[in-house]
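Please look through the sequence and the fold shown below before reading on. The report takes up the loops and then the sheet.

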Amino acid sequence: MGSERMPVLEKQKQVAKPPPLFDVILLNDDYTPMDFVVEILERIFSLSRDRAMRVMMQVHTEGRGVCGTYPRDIAATRVAQVMRRAEEAQHPLRCVMEERQS
């Protein structure tokens, strides 16, 4: 058998790709009261009063505002909570989730 060398197998690191994150976004309308939007931001997204006011103003002036960024399941739950509360209060407030671009 001479001096043949066995090939060396190198260990390949498998890096798990983190799950995608989703921005939860409130969309502006001309009917939902600003106080209701602030309350949603405080209660569902646990934002401070100051941060909730800033996001509400962004929604009002720019047409949309990011409430938070979450994994898919949590984002979907938050969207459903907003939509349920808006419907119960008879407000046309809309909330969507969009995959965050890296």
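## Two loop residues

Serine 46 is found in the loop between α1 (34-43) and α2, where helices (H or I, at least four residues) and strands (E, at least two) are DSSP runs numbered from the N terminus. Although serine 46 is not a glycine, its phi is positive, at about 55 degrees, and with 64% relative accessibility it counts as exposed (buried means under 20% relative accessible area, exposed over 50%, partly exposed in between, with a 1.4 Å probe and protein chains only).

Glutamine 90 lies in the loop between α3 (72-88) and β3. Glutamine 90 is not a glycine either, yet it has a positive phi of about 60 degrees, and it is exposed at a relative accessible area of 71%.

## Basis of the model

This is a predicted model, in which local features need pLDDT of at least 70 and side-chain atom pairs count only at pLDDT 80 or more, while totals for chains, interfaces and linings use all residues. Residues are numbered from 1 along each chain as its sequence is written, and side-chain values use heavy atoms, with hydrogens and water left out.

## The sheet

An open sheet is formed by 3 strands in the order β2-β1-β3, with antiparallel pairing (two strands pair if DSSP finds at least two bridges between them). Because β2 (64-71) and β3 (94-99) stand at the edges with a single partner strand each, one side of each is left without a neighbour in the sheet.

Strand β1 (residues 21-27) runs antiparallel to β3 and is joined to it by 6 bridges; leucine 26 has cysteine 95 in β3 as its bridge partner.
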